[in-house]
Protein chains: 2
Amino acid sequence: MKKAVVLLSGGLDSATALAIARDQGYQCYALSIDYGQRHRSELVAARKVAQSLGAVAHQIIKLDLTAFGGSALTDQTIEVPTSGAETDIPVTYVPARNTIMLSLALAWAETLQCQDIFVGVNAVDYSGYPDCRPEYIQAFEKMANLATKAGIEGKKLTIHTPLMHLSKKEIIKAGLALGVDFSLTVSCYQADEMGHACGVCDSCRIRKAGFAAAGKCDPVSYLA
Amino acid sequence: MKKAVVLLSGGLDSATALAIARDQGYQCYALSIDYGQRHRSELVAARKVAQSLGAVAHQIIKLDLTAFGGSALTDQTIEVPTSGAETDIPVTYVPARNTIMLSLALAWAETLQCQDIFVGVNAVDYSGYPDCRPEYIQAFEKMANLATKAGIEGKKLTIHTPLMHLSKKEIIKAGLALGVDFSLTVSCYQADEMGHACGVCDSCRIRKAGFAAAGKCDPVSYLA
């Protein structure tokens, strides 16, 4: 059976990416990064999602990005925005986060002798994040194939981004069709320890609008 | 004054790369990764080297790569080779190590608003490592410029590899000319806690041969 490393944050998108990888016949190795994020409960969510979607293994790698700061998600002195008025790159953007996460996925893929990595990046709702764009993913894939033993031996590594061009509504519908239990996921940037969502941050607003557009009920409980 | 992030392992090459960056007029932010390496004393060495070469800051980021295994440097069940007979990619190769380290350097560079990263990779003595080749570095640089806020804003990030085409002899001569105190560095893959080098692993052999070729005395003490 072919293997895939799947980056799993504990949110709605990566849960759907995991379900898609499994549906495509991959044995899934889920990888989460404890990077000092404000919303700690997403790691608890990741654990539950990995289990419920039958991942054969799940690793949570600890990497303290708070030392660098520079993002509302890792720097407690920067507030999580709730206005939705941003037109620039959001302050919730974590410097080089996807590059770091994909690099760790690459390391695990190489030791597993696996040529497939799935990541739930999306260019529609997160168009402000430079590392969610297709041209970035293509450049990462090219670099990865030059970086590794497998690449040198001609075994091509592929970065799969099944959600790249889907709207939030389409992601939710795809996830539901594949049996994703969205009640286990945490999307909120400032969820409390129990995983309760604030309902007002950018991530909550996008999620709520997605469920509304899909005509489905969001099983997550919101504080606001 | 222009800033640079410099990857600093505590070995001979990265110490020289740091000295070169400083010599080129950069204010240096040294970055070391505690990735669970066997040779822990190289982190102590990195601290001393950063200080002695006037780095304005030095961060040691903890990231446990032993969870992935797959290298003699992070997996205690794989022996460090001493034969020098390898023609293939060495078992001391750590999967995706340079990609992970450069990604972390990229994150710090982005928060520092700095466009320059120095890394002491070398294609001559470590030709067996895929992630020490010029084509790999070029691909990483291209990816990095698509990954970041700065890249989008047109501020080009450069990955400097001043040692890429130098022999070990030339690196040692360059380091000495710039005042690097090589007694502070640890190159050995299995150095003990005090930083004593084994004298027989691949890294020790290459270092010893380099000092011999340069006609200089290696200030490090060898057990064998």
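A residue is called buried if 20 or more other C-beta atoms lie within 10 Å of its own, exposed if 12 or fewer, and partly exposed in between, with C-beta atoms placed from the backbone. In soluble globular proteins, nonpolar side chains tend to be buried together. The structure is a predicted model, in which local features need pLDDT of at least 70 and side-chain atom pairs count only at pLDDT 80 or more, while totals for chains, interfaces and linings use all residues. Residues are numbered from 1 along each chain as its sequence is written, and chains are lettered from A and ligands numbered from 1 in the order in which they are written.

The mean pLDDT (the predictor's confidence in each residue, from 0 to 100) of chain A is 87, and 86% of the residues of chain A reach 70 or more. The scores of the model are ipTM 0.88 and pTM 0.89.

Chain A contains 7 helices and 5 strands. Helices (H or I, at least four residues) and strands (E, at least two) are DSSP runs, numbered from the N terminus. Along the sequence of chain A, the elements follow the pattern β-α-β-α-β-α-β-α-α-β-α-α. Chain A has 224 residues, of which 54% are buried. Two residues are in contact if their C-beta atoms, placed from the backbone, lie within 7 Å. Among the contacts in chain A with a separation of 6 or more, 70% join residues 24 or more positions apart.

In chain B, helix α1 covers residues 12-23. The expected span of a helix is 1.5 Å times one less than its number of residues. The buried residues include B:L12, B:A15, B:L18 and B:R22. Among the elements that cover the buried residues of α1(B) are β1 (3-7), β2 (27-34), α2 (41-52) and α7 (202-214) of chain B. Just after α1(B), B:G25 has a positive phi of about 95°.

Helix α3 of chain A, residues 97-112, has 16 residues and reaches 23 Å from its first C-alpha to its last, close to the expected 22 Å. Because 14 of its 16 residues are buried, α3(A) is largely enclosed by the rest of the structure. The helix is followed by A:Q113, a residue other than glycine with a positive phi near 55°. A:Q113 is found in the loop between α3 and β4 (116-118) of chain A. With 11 other C-beta atoms within 10 Å, A:Q113 is exposed. In chain B, B:Q113 likewise has a positive phi of about 55° although it is not a glycine, and B:Q113 is exposed, with 11 C-beta neighbours inside 10 Å.

The contact between the chains takes 37 residues from chain A and 37 residues from chain B. On the side of chain A that touches chain B, two or more residues are given by each of β3 (57-62), α3, α4 (134-147) and α5 (149-152). The largest share, 9 residues, comes from α3(A). By class, this side of chain A has 22 nonpolar, 8 polar and 7 charged residues. Here Ala, Val, Leu, Ile, Met, Phe, Trp, Tyr, Cys and Pro count as nonpolar, Asp, Glu, Lys and Arg as charged, and the others, Gly among them, as polar.

Chain A is superposed on chain B by a rotation of 180° with 0.0 Å of shift along its axis, at an RMSD of 0.0 Å. The two copies are therefore related as by a two-fold rotation axis. Superposition is by least squares on the C-alpha atoms of residues with pLDDT of at least 70 in both copies. In chain A, the C-alpha nearest the axis belongs to A:L63, at 2.5 Å from the axis. The same surface serves both copies, as 100% of the contact residues of chain A recur in chain B.
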